[in-house]
Amino acid sequence: MATTNDEAYRNGRVVLDVTMSSDKVARIDEMNGHQGDNGRIVKFVMVGQHGRPFNMENRTLDLVGVDSAGKTKISGNTMTMINPSLGTLDFTIPGAFYQRVGDYDRAYFRIKDNNDQVISTINVMFSVMQGVGYLTQGDSQIYDGNVDNQLAQIEQKVSSFTSQLYNMLNGTTDAAKIARQSLNAVLSSIQTNQVATLGGNNTFTGQNTFHGTTQIDKLNGNALQPAYDYANNAINAAKASLADDESGKQYDFKAWGVNGCRAHDDVKCTLIKFNKYVGYCKLEGTFDFPPMKPYEGLEVINVDKAAMNGGIYAFPRLTAQNESNVLMFDYNTGDSGQIWMHHQSNSYDATKPDPEYIQIGWFCSWR
């Protein structure tokens with residue numbers, strides 16, 4: 001693959017040519033950084049045919065690369081659009097790209113349309129240099145900013161759902177509390193002889209006037225005790241429904257490959273409980289998927305059935321090792337424990353196993 005010596009500039013911005021041949025790569029010095037850098041911003045202008053501005057309206061840009069440790073990094077859409085029609089934008093590179101010293105000899109920008117389809121790629125090269133006083137936080141890790149962003153959206157939706165649920169239950173509790181207070185007031189009035197009772201010695205000496213001229217036996221409340229107990233039990237039930245001992249708990253389950261799929265040692269399946277009503281199960285790790293024809297579906301992974309108990313919504317996401325290779329996952333709702341995969345491209349060797357690091361997940365609910 002040929003390398004261009006220097007990137008071009010326009011009005012102080014680095015030019016990204018969307019028409020650049022796929023057998024060429026542009027070295028972009030502005031993307032160079034020191035180990036430990038985070039949030040480096042590079043100013044770009046996108047150009048198309050004949051150097052004209054490339055319209056970025058309704059389009060996104062992300063960066064994919066493999067660092068010197070062989071770890072895949074996917075930025076997610078971290079651009080800030082300046083002028084879509086002129087193709088000007090500022091791109092923020094996440095700190096995960098600057099974990100390992102060395103060159104990115106396999107990196108490219110992806111332009112996607114609003115259907116998340118890749119419409120163009122631009123090969124780039126940049127370097128990570130030793131940082132002065134940088135304290136390493138461990139080995140370079142696989143990183144996918146798309147997963148972080150989408151999980152954050154999921155957590156926000158779950159938080160909203162949980163808030164609505166609590167509000168509903170709080171409303172029930174408040175209503176029961178008011179009913180109990182009203183009942184207590186009635187019982188108190190009866191027991192302090194403030195109202196006439198059927199079993200009491202009541203003297204009526206005037207119209208709508210009650211005089212306590214004789215000793216009145218106080219009502220002990222036994223006649224109304226069932227009503228009191230009913231209200232009390234309803235309140236206790238409402239309180240119990242608000243108890244959330246499961247919030248924040250995590251449970252680990254087993255996951256393994258089937259039909260020729262092999263799971264690596266880094267595979268783990270974790271259920272995270274948001275509360276006792278809803279949770280999210282995440283499966284991640286490396287699998288050697290069996291040879292498959294393009295667009296062919298095959299059951300490849302099984303997990304403990306308890307990991308899918310009550311599953312109502314799949315939220316799959318893939319961090320792919322193969323350029324332009326798209327994998328889709330689906331599963332039966334409930335507790336099947338079975339996961340299927342579909343190759344959505346023909347950019348891989350369909351006669352050989354396909355090693356992939358994946359991150360997929362699904363919602364679970366309990367009623």
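Visitor: Hi! Which cysteine sulfur is closest to the sulfur of cysteine 281?

Guide: Welcome! In this predicted model, the closest one belongs to cysteine 269, at 3.6 Å, which is too far for a bond.

Visitor: Is cysteine 281 buried or exposed?

Guide: Buried, with a relative accessibility of 0%. Cysteine 261 is buried too, at 7%.

Visitor: Which core includes Cys281?

Guide: A second, separate core of 25 residues, which also includes Ala307, Met308 and Met341.

Visitor: What about the largest nonpolar core, which members touch the most others?

Guide: That core has 28 residues, and the ones touching the most other members are Met31, Phe44, Met46, Leu61, Leu63, Phe91 and Phe109. Elements giving it two or more residues are β3, β6, β7, β10, β11 and β12.

Visitor: Let me pick one: what does leucine 63 touch?

Guide: Leaving out residues up to four places away in sequence, its contacts include Met31, Phe91, Phe109, Ile74 and Val124. Lys73 and Ser75 are also among them.

Visitor: New topic: what is the mean pLDDT of the protein?

Guide: The mean is 75, and 61% of the residues reach 70 or more.

Visitor: Where does pLDDT stay under 50?

Guide: One stretch is residues 208-221, with 22 contacts beyond four places in sequence. Another is residues 318-323, with 29 such contacts. Where pLDDT is low, the predicted coordinates should not be read in detail.

Definitions and conventions:
Residues are numbered from 1 along each chain as its sequence is written. This is a predicted model: local features need pLDDT of at least 70, side-chain atom pairs count only at pLDDT 80 or more; totals for chains, interfaces and linings use all residues. Side-chain values use heavy atoms; hydrogens and water are left out. A nonpolar core is a set of buried Ala, Val, Leu, Ile, Met, Phe, Trp, Tyr and Cys residues joined through side-chain atoms within 4.5 Å. Buried means under 20% relative accessible area, exposed over 50%, partly exposed in between (1.4 Å probe, protein chains only). Helices (H or I, at least four residues) and strands (E, at least two) are DSSP runs, numbered from the N terminus. Contact means heavy atoms within 4.5 Å. A disulfide is a pair of cysteine sulfur atoms within 2.5 Å. pLDDT is the predictor's confidence in each residue, from 0 to 100.
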